Amino acid sequence: MLATFCELVAPVSAISAVFLLFFGPILATRFYLLLLVVYFCGFLVLQSFHFYKFYLTVGKIKKVVRHWNASQRAYTHAAHASTSSILTSRSASTDTSTPTSGASTPTRLSSSLLEDERLEEMEATLKLYEDAEFVHAFIVPNYGEPEALLRDTIKRLSHHRWLECTYKHILHRNATTNYVIILAMEASEAGYQQKAESLEAYFSGSFLHFITTAHPANIPGESRGKGSNVAWAARHGCAELLNRHVDRRRIILTVSDSDSAIPELYVREVEKALGEVEDPYNAIFCPPIFFSRNAHEVPAAVRVTDVTWSTMVMQNLSNGRGINYPCSTYSLSMVLAEKVGYWDTDADSVGEDLHMWLKCFFKTGGAARSVPIFVPINLTNVQTTGYVNNLWARYVQAKRHYNGVADVAYALKQAIISEPKPSLGASKEFVYSGPVAPRSFVSRLMSRYIRVPAIPLWYDKLIVCLKVLEAHMIPATSGWLMFAAVPVMQFLLFPPPVIADWYEGPEDSVNPVVYSSFYSTVWDIIKIVTIFLPFPLFGMLALYEHLHRFCDNELFKKAKSEHRTWRNLTDYIWLPVSAWCFMTIPSGLACVKRLSKSEEAYH
């Protein structure tokens, strides 16, 4: 009974929104007016709060990137100064040395001391980022992706765009000692072995390990998709690392997409966070996402859809109490993945990123929480040949994304039936009772306790469920109610004279907007609030434009010809089209499809 109720929440909400849009004004006018005023005012308050959180996120991203760039400039300055000093001292030493004595001269000793001091200065500058004790295993799931795209994605993990005035690219400083690539292939893809062997040969010696896994097709009870591929790759990749004598406590799994461009700064910030949190084994590291790699090559409707998507993900990062959801790319320890039984692979776990977060949260009794990493991961917009084909491809992608609505039922069921673990209550510290990975002296000095206020676990469960409902129910209902409710209701309650021959509307005696001053005021409030509903979104998009230019210039080091310009503001003309075609319709269909639980073909 409980499972059935939870499963019906999503489809009933989507169907009810459409039903109320056309029949609410006639069949239940009073109820519908009260519903709209609560929905609209609540949404406006929620969006205003999102604007504030997005403002905080933008500031934190800029702060992290600026600090990183300053440290790189200091590092380069110290390196150049050290090199220049060494050359000068060597020259002076050669001029003053005598051929009759093989003993070290005072000049040689002073130059050696000077060189040591320079090296110490360089190390101190980047000490915050250089505490690399963990092994980062990057899981790259793919199916039918071009080899060139995979090569470019993996190359961005081994090379880092840094100080173009001096160097074009340098290796990630710990790639060969602390990075592992787990190339997650699908066995059903023709020619996957040749592709994997070619990539492994190309990156020979670039990483600590390069592991290829092949996810078999037609495993009983499994739904094919990114989640099942990641689950297979994580299990078998981690087993292989254990066979190669890598300590499980040191392994950090980073799940990415096949087009994720992960900057070195992300890895450094994860390392920093691992040294700061009291229990790194219950942390899930969540970065923001950007779409800047091919944005100028896709239709404006696709661009603005992904800009809006990116904005929603970024504001989510400034949520309190460690309740913020990952999207596309995220990191967690192998210890946590083992503790919860790795990723689920059934049809209800197709939204692998959010589903894994929910699983970790509920399976650990609320101990697993998010740690935001304010470093954008650069992704590609979906792209294909032809304008119409590109729009259709984005629609197909949206349908696949919104199949994650299955997490609504999962979150509700787990919140009700899961039992909190006494040792991991929400009022206690997030402390893992198992063995602790070794930390350096600097990390121990930096470590701090993260305490959660003494609030019952049921409260956090409620917040989690509300955020899941917001993520999936607002897209499925807002297009109908917020965009169309006022004009449709105006039309049905006060039809224009030109259609009086076939529809006259309700009599004044039964129209509460006419005979009741209270409902008339409610109707006026609804119309006024409707005008202000998009303003928080407009504010977030304005901040996003500023942030996008900042990241293109300061983090991704893109040429000015590749930057967004003020002409891109015309993209937002397509916002209503993208909202309906890539949000309301696919999310509504995904909700209704839960009645039959039919699966999409794996692309």
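Me: Which residues does asparagine 568 touch, and what makes that a contact?

Reply: Leaving aside residues up to four places away in sequence, asparagine 568 touches His296 and Arg303. A contact means heavy atoms within 4.5 Å. This is a predicted model, in which local features need pLDDT of at least 70 and side-chain atom pairs count only at pLDDT 80 or more, while totals for chains, interfaces and linings use all residues. Side-chain values use heavy atoms, with hydrogens and water left out, and residues are numbered from 1 along each chain as its sequence is written.

Me: Why is asparagine 568 called buried?

Reply: Its relative accessibility is 9%. Buried means under 20% relative accessible area, exposed over 50%, and partly exposed in between (1.4 Å probe, protein chains only), so asparagine 568 counts as buried. It lies in the loop between helix 18 and helix 19, where helices (H or I, at least four residues) and strands (E, at least two) are DSSP runs numbered from the N terminus.

Me: What makes the side chain of asparagine 568 and the backbone nitrogen of threonine 565 a polar contact?

Reply: The side chain reaches that nitrogen at 2.8 Å. A polar contact is a pair of N or O atoms within 3.5 Å; within protein, one must be able to donate a hydrogen and the other to accept it, and residues adjacent in sequence count only if both atoms are side-chain atoms. The 2.8 Å separation therefore meets the distance limit.

Me: How do you know that aspartate 257 and lysine 226 form a salt bridge?

Reply: Their closest N and O atoms are 2.5 Å apart. A salt bridge is a side-chain nitrogen of Lys or Arg within 4 Å of a carboxyl oxygen of Asp or Glu, so the pair qualifies. Aspartate 257 is in the loop between strand 6 (251-255) and helix 8 (264-276), and lysine 226 is in helix 7 (residues 226-243), so the bridge ties together parts 31 residues apart in sequence.

Me: Are aspartate 257 and lysine 226 buried or partly exposed?

Reply: Aspartate 257, at 21% relative accessible area, is partly exposed. Lysine 226, at 19%, is buried.

Me: Which residues are linked with Glu545 in a network of salt bridges?

Reply: The network links Arg303, Glu545, Arg549, Arg564 and Asp571. Within it, glutamate 545 and arginine 564 bring their closest N and O atoms to 2.6 Å. Glutamate 545 is in helix 18 (residues 535-554) and arginine 564 in the loop between helix 18 and helix 19 (575-593), so this pair ties together parts 19 residues apart in sequence. Both residues are buried. The structure holds 24 salt bridges.

Me: Why is phi worth noting at asparagine 218 and tyrosine 342?

Reply: Most residues other than glycine have a negative phi. Asparagine 218 has a positive phi, near 60°, and tyrosine 342 has one of about 60°. Asparagine 218 is exposed at 70% relative accessibility, whereas tyrosine 342 is buried at 7%.
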